[in-house]
Amino acid sequence: IAGGTVSGNVYGGGLAVNAGSSAIAGSTQVTIVGGEINGRKIYGGGLAYGAGSEAVTGNTSLILTAADTGIDCIYGGGYAVEGGKVTTGNTHIVIDIAGNGKGAEDIFGGNSVYAFPGGTNAQGIVGDTLIEYKNGTSRGMVFGGSEIMGYTSATNDISKVESGNTAIFVTGGTLTEAVLGGSKVRLTGDQANKISSTGKDATVIVSGASVKGLVGGDLVQVLKKTYDKPVRIAEGSVEKTNIIVNGGTVGTLYVDAGASIQIGDAGFKGAIIGGGDVYGGGLSTATLRSGNEADGGISTVASANVTMNGGIVNGDIYGGGAAVGAGTYDGGSSSVQNAVVNISGGTVNGSVYGGGYSAGSNVAAKVEHAALNVKGYNGSIQAISGFDRVDITDSDLTTNLQAINKKVAVALNGTAT
């Protein structure tokens, strides 16, 4: 697309409508260098609309160099709705917009799956995803994985998305909200439904740019609407997360009331929904519109790794994940089996925690084991807490060591203390 006006969504793949229909396409490429999209969405893959429909696309490539086109969201994969199934190969998205030009709202490396009333059990499967954010100003979040939105009022919905390995490389530009290695899992409606996302390894590497927060895993949200309704569950799981900061500036997660991720804890100083920093694990949130039932938003990560080699982090670093109930309402759970934080350079204007963050009722952020390795770091860290093991070598470090539990094994230049 080089010019003109597009008044509908753009798909690189084919269209499958209703039961028994299928659309099969090979590899696709969508390039946008100009024109207007008028608030619509761009998909590298195809569209599967209706129960029993399936859209299959090979590998996809999507390149955006045009500024201020009015694009809503970008997906490396396709779109499944009303019970359809979309399958996409490996995806590659490049955002390289000159100057401070604005790009899209949210960006997803994978597919989009919506479960509306009238269609349940929609599915999306994608291979490995790669997003290269080189320049330009984002207007939303960036996800390495897929999106699944459970808006259905039907019961027993088990819609799901599956992603392979995801990678996001940020080398320039300004990202006004968070970058997440995993997927977005969001559930509303009033019935006993369960939607889920699974992923393999999720990697986020920042070498430049200004970024409003990093999350290694998924964003899981359960939005509650009415009183006395059945429990609804949204789950997101990632096998391994890797966040690496080599340069640039990582700020706290966007705090404004209009942010995509919010937190109701006035004392929160950085790591999650209303603030933001660096997360090794996933993020689980719940917002209660009205009512008081304890629904579940669940995020799990087997292995979470945060490495800081350079750059500036203006906030706290959490090796674990976060579970937050927005305002004073119920949240969910975030769990990480093993978390490792490595610091060898850059500047940390905050604290470093091995565990997770939780706020609100009926929430938990758990980390089974956490280790901190500080090597060759000359600077200050406000506090260190929540680790099983802390190794500090070849560093001129100023910190609050009293924040380390006395039962924790601490080694300074190889000598246990």
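This report walks through a predicted model of one protein chain, from overall make-up to a few individual residues.

## The chain as a whole

Let's start with the secondary structure: the protein chain has 47 strands and zero helices. Of its 417 residues, 55% count as buried. The accessible surface comes to about 14900 Å², and carbon and sulfur atoms account for 47% of that.

Mean pLDDT for the protein chain is 82, with 77% of the residues reaching 70 or more. Over residues 270–280 the pLDDT stays under 50, although the model has 83 contacts for them beyond four places in sequence. Residues 288–294 also have pLDDT below 50, and here the model shows 23 contacts beyond near neighbours in sequence. Where pLDDT is low, the predicted coordinates should not be read in detail.

## A parallel sheet

Six strands line up in an open sheet, and the order is E17-E22-E26-E30-E34-E38, with parallel pairing. At the edges sit strand E17 (137–138) and strand E38 (347–348), each of which pairs on one side only.

If you want to find the spot, look for threonine 137, whose bridge partner in E22 is threonine 174.

## Valine 245, on the inside

Valine 245 is found in strand E29, which covers residues 233–245. Is this residue buried or exposed? Valine 245 counts as buried because its relative accessible area is 2%, against a cut-off of under 20%.

What does valine 245 touch, leaving out residues up to four places away in sequence? The contacts are Val206, Leu214, Val250, Thr307, Met308, Asn309 and Gly310. Take valine 206 from that list: its C-alpha is 4.9 Å from that of valine 245, while the two are 39 residues apart in sequence.

Tyrosine 49 belongs to strand E6 (residues 47–49). This residue has 40% relative accessibility, so tyrosine 49 falls between the 20% and 50% cut-offs and counts as partly exposed.

Tyrosine 49 also takes part in a nonpolar surface patch with Leu15 and Val17. Together, Leu15, Val17 and Tyr49 have about 280 Å² of accessible area.

How values were computed. Residues numbered from 1 in each chain as written. Predicted model: local features only at pLDDT ≥ 70, side-chain atom pairs only at ≥ 80, totals over all residues. Heavy atoms only, no water. Helix = DSSP H or I, 4+ residues; strand = E, 2+ residues; numbered from the N terminus. Buried < 20%, exposed > 50% of the residue type's maximum accessible area, 1.4 Å probe, protein only. Contact = heavy atoms within 4.5 Å. Patch = residues over 30% accessible without salt bridge, like charges linked within 9 Å, V, L, I, M, F, W, Y side chains within 5 Å. Areas by Shrake-Rupley, 256 points an atom, 1.4 Å probe, with all protein chains shown as cover. Salt bridge = Lys/Arg side-chain N within 4 Å of Asp/Glu carboxyl O. Pairing = 2+ DSSP bridges. pLDDT = per-residue confidence, 0-100.
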